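Please report on the ligand site of this predicted model.

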Amino acid sequence: MKILVVYYSRTGTTKKVAEYMANRMSAHIEEIIDKKNRAGPIRYITAGKDASLKKITKIQPLKRNPQDYDIIILGNPVWAWTITPALRIYIKENKDILKNKSISFFCTMGGSGSKRSFAVMQKLIGKKPRATLTLLTKEVWNNQFEDKAREFLRKI
Ligand SMILES: Cc1cc2nc3c(=O)[nH]c(=O)nc-3n(C[C@H](O)[C@H](O)[C@H](O)COP(=O)(O)O)c2cc1C
């Protein structure tokens, strides 16, 4: 089974989990890179607004074709209790492919919004995930996420 881990990460938290998962499963990895500069505290406000207004964004060309994989894991930080514009455009552009794959979702977040963001992903794709995983930012940086990640990977 070929596995692809696709993720967006602004400050490296989701990236850390995605890389752990890809290593553990010998999977390929695709980082979605937002062309809009999202760095710094001022842009945090715009980023939150863009997410809550369901905006999409321009992303850099992708390296992997999801069609080539059996299992796809989508990872994303929660923004304004929903998904990021970068993941939203990825899903929009690939939803017909994703719908025909085994999909699972994970997110990182400060404190709340994962259920809602998973529901948004499920609705956009039109398919239920096999497994979901929510991790707090602090769990990731304290290296307290690996047991949960391994359990999630057993279910995908
Ligand atoms: C614009 C913006 C909005 C956010 N909104 C939420 C939120 O609604 N709920 C939450 O728990 N965390 C929220 N966060 C915190 C991030 O989800 C969290 O820090 C995440 O782990 C960051 O992942 P990253 O380092 O991969 O970018 C938000 C962060 C940003 C930048």
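A polar backbone atom of W81 lies 2.8 Å from an oxygen atom of the ligand. G111 also uses its backbone: an N or O atom there is 2.6 Å from a ligand oxygen. T108 uses its side chain, with a polar atom 2.7 Å from an oxygen atom of the ligand. A polar contact here is a pair of N or O atoms within 3.5 Å; within protein, one must be able to donate a hydrogen and the other to accept it, and residues adjacent in sequence count only if both atoms are side-chain atoms.

The protein buries 89% of the 640 Å² that the ligand exposes when taken alone. Accessible areas come from the Shrake-Rupley method with a 1.4 Å probe; for residues, only the protein chains shown count as cover.

The model is predicted: local features need pLDDT of at least 70, side-chain atom pairs count only at pLDDT 80 or more, and totals for chains, interfaces and linings use all residues. Residues are numbered from 1 along each chain as its sequence is written, and side-chain values use heavy atoms, with hydrogens and water left out.

## The shell around the ligand

The ligand is surrounded by 20 residues (a heavy atom within 4 Å). The closest are S9, T11, T13, T14 and G111. By class, the shell has eight nonpolar, 11 polar and one charged. Nonpolar means Ala, Val, Leu, Ile, Met, Phe, Trp, Tyr, Cys and Pro; charged means Asp, Glu, Lys and Arg; the others, Gly among them, are polar.

α2 gives the largest share of the shell, three residues.

## The pocket

Which space does the ligand take? It is the largest pocket. A molecule sits in a pocket if more than half of its atoms lie within 2 Å of the pocket's grid points. A pocket is an open set of points on a 1 Å grid over the protein atoms alone, where a 1.4 Å probe fits, with protein on both sides within 12 Å along at least five of seven lines; lining residues have an atom within 4 Å of a point.

The largest pocket holds about 390 Å³ of space. Of its 18 lining residues, R10, Y44, P77, V78 and W79 are the closest to its centre. α1 (13-25), α2 (41-52) and β4 (102-109) each give two or more residues to the lining.

Note on methods: Points joined across faces, edges and corners; volume = space filled by probe spheres on them. Helix = DSSP H or I, 4+ residues; strand = E, 2+ residues; numbered from the N terminus.
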